[in-house]
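Student: Please take a close look at the strand pairing in this structure and at what surrounds it. Give the cut-off for each term as you use it.

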Amino acid sequence: MPEKRITLALQGGGSHGAFTWGVLERLLEDERIVIEGISGSSAGAINATVLAHGFAAGGRDGGIRALEDFWQRMVSTTPPGGWTFDPAGRKAGPTMDALMFLSRFLTPGQMNPFNLNLLRDVLAAQVDFSVFREDSPIKLFVAATQIATGRARIFATPEVSLDVLLASACLPSFNQPVVIDNEAYWDGGLTANPPLRPLIYHCDAPDMLIVAVNPRRRQDAPTTADEIRQRLTEISFNAAAASELEGIALAKKEAERDRWSLGRLDRRLRRLNLHMIDAEDYMNRLDVSSRLNTDSGFIAALHKEGRERAGVWLRRNFRHIGTRSSFELTKHFA
């Protein structure tokens, strides 16, 4: 069977990115699929970069091993017993509740004056950025939010560095801003979660697969102060992606209406097929605070869920790759 080329757009969501790890692992195992480019913010950017690094060094198997190694390293930083969350890993326990409470009144510089960052240590130990920056078979696009302007900056493959990844995953309440070329940055999920336009402008694959870890809809309205605050955070991280998807839907509709237009972007939009792998029901059962949970059991459950959802998606939709969308934009934005 001929290979099918796709691009991937990976949402950020802290440790919920272990779901994306499971999805990526299952896609890499399928040799019929060729990944041309990956965009991401926060945990999505980290998954993308770790995969690209492993793939550049050892192909599909290298990508699979690199992702597993990264997440196992993250698990090893969890305190014994996973004491920061409830036994199921879904909601914050007393210690994490206290930390989140303090973050409302103290700046990251006050809470962490020495700017310690376990993620920096894990990435520095695992990723040799020169390996894929010079000759990566997969194009990378990493989003970070420029604090001064409130706009997204997209870093392409040759620009991706340790500081770029830390900027993309810099939570304003917990991390000090990351400075790159005299500009301060926060989490890329605030303005592009994930960035989609680079995959349209700079890649040729007709199919874009979005891996979503944030539920688009919550079943119940929040009632407590913590629930309200967490839902506001979630909405802000979803708003950029919703806006970009809606813009793509409108642009694609206009391009299809004007079939005689020969512009590259119009032609690209007409042949664009969109797909999505998510776990709306599963993620709806998780508290927003569980994004900070790196307990081994919780990470393993998310990874397993990602693998299973990707397997179901492949069985149902592989034949549609290259021919039509399996995610209906018009229905989503009706």
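Tutor: What follows goes through the strands one by one, then the nonpolar cores and a few local features.

This is a predicted model, in which local features need pLDDT of at least 70 and side-chain atom pairs count only at pLDDT 80 or more, while totals for chains, interfaces and linings use all residues. Residues are numbered from 1 along each chain as its sequence is written, and side-chain values use heavy atoms, with hydrogens and water left out.

Start with strand E1, residues 4-10. Helices (H or I, at least four residues) and strands (E, at least two) are DSSP runs, numbered from the N terminus. Six of the seven residues of E1 are buried, where buried means under 20% relative accessible area, exposed over 50%, and partly exposed in between (1.4 Å probe, protein chains only). Two strands pair if DSSP finds at least two bridges between them. E1 has a parallel pairing with E2 (residues 33-41) through seven bridges, and in it Thr7 faces Gly37. E1 is also joined to E7 (residues 207-211), again in parallel, by five bridges; there Ala9 is opposite Ile210.

E2 in turn is joined to E3 by five bridges in parallel, with Ser39 partnered by Phe141 of E3. E3 covers residues 139-146, and seven of its eight residues are buried.

Now the packing. A nonpolar core is a set of buried Ala, Val, Leu, Ile, Met, Phe, Trp, Tyr and Cys residues joined through side-chain atoms within 4.5 Å. The largest core holds 64 residues, of which Leu8, Phe19, Ile38, Phe70 and Leu123 touch the most other members. Helix H2 (residues 43-76) gives the most to this core, with 13 residues. Beyond its neighbours within four places in sequence, Leu123 is in contact (heavy atoms within 4.5 Å) with Ile46, Val50, Phe70, Leu162, Leu165 and Leu166. Another core lies apart from the largest one; it has 17 residues, including Leu199, Ala212, Ile248 and Leu269.

Ser42, in the loop between E2 and H2, has phi near 55°, a positive value in a residue other than glycine; Ser42 is buried because its relative accessible area is 9%. Asn182, between E5 (178-180) and E6, has phi near 70°, also positive in a non-glycine residue, but Asn182 is exposed, at 77%. The peptide bond from Asn193 to Pro194 is cis, with omega near 0°, and Pro194 lies in the loop between E6 (183-187) and H8 (197-201).

With a disulfide taken as a pair of cysteine sulfur atoms within 2.5 Å, the count is zero. Cys170 is buried at 1% relative accessible area, and Cys203 is buried at 0%.
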